[in-house]
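Take a walk through this model, one region after another. Keep the sequence and the 3D view side by side.

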Amino acid sequence: MKFNRPCSIDFDLTTGLSSNAVSKKRYLSDLKNMYQDEEARLKIESRLTYEYYDLGLPEEAGELSFGTSILYPGKVGNEYHMTKGHFHQHIDTPEVYYGLSGEGYMLMENMEGDVCWEKITPGNAVYVAKGYAHRMINTGNDPLVVFYTYEANAGHDYQTILDKGFRKICLDDNGPVFIDNPKWKE
Ligand code: MN
């Protein structure tokens, strides 16, 4: 798609998948050292964890990137499946996520150490305010499917999270609990 004229694209409400575009896929092999139990992750590295659509919109101010993300259910040890998470390179760029199916959380934190998490459920929109890193966590039994949009020049900073981790992690202790991340580096 070229996006120089109005257009439309389909995303299935339950699977999140599009018949018009090719998704990008992330496997557990793409999330080295991001879970608490690295040994458990290594044993199941080939597992498809999530996919998302990057439609290739021009990365210019005023353009809107959009698409779906699909985070599959499952755990690594007792830690729920999650996305890598990132800050935006232009850190003042916010983002909106709208839940289509499944259930989970958006975990967010800013550079000053403010941490919060908001439930993602069908019909619930999460506003990721500017300055906040964000990571999806699937705490349910079905794919967690969301629609997202952000200004297309945002850029993605994955490295800060790779280096430091999030301050909180989400474990299954008879249901989801958020605890301090023992691996977090200041
Ligand atoms: Mn983002």
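Ile169 stands opposite Ile179 in E15. The two strands here are E14 (residues 168–172) and E15 (residues 176–180), which pair in the antiparallel sense over five bridges. Pairing requires that DSSP finds at least two bridges between two strands. Strands are DSSP runs (E, at least two residues), numbered from the N terminus. Three residues lie between the strands of this hairpin, and Asn174 takes a positive phi near 55 degrees.

A word on the source: this is a predicted model, where local features need pLDDT of at least 70, side-chain atom pairs count only at pLDDT 80 or more, and totals for chains, interfaces and linings use all residues. Residues are numbered from 1 along each chain as its sequence is written, and side-chain values use heavy atoms, with hydrogens and water left out.

Now find the open sheet. Its three strands run in the order E9-E8-E11, with antiparallel pairing. E9 (115–120) and E11 (132–138) are the edge strands, each pairing on one side only. Strand E8 (residues 104–110) meets E9 in the antiparallel sense over six bridges. Within this pair, Leu107 stands opposite Trp117 in E9.

Which residues coordinate the manganese ion? They are His86 (NE2), His88 (NE2), Glu95 (OE) and His134 (NE2), at 2.1 to 2.2 Å. Donors are N, O and S atoms within 2.8 Å of the metal (3.2 Å for Na, K and Ca); water is not among the atoms, so sites may look incomplete. In sequence, the donor residues are spaced H-x1-H-x6-E-x38-H.

Is His88 buried or exposed? His88 counts as buried because its relative accessibility is 3%. Glu95 is buried too, at a relative accessible area of 2%. Buried means under 20% relative accessible area, exposed over 50%, and partly exposed in between (1.4 Å probe, protein chains only).

Note on methods:
Helices (H or I, at least four residues) and strands (E, at least two) are DSSP runs, numbered from the N terminus.
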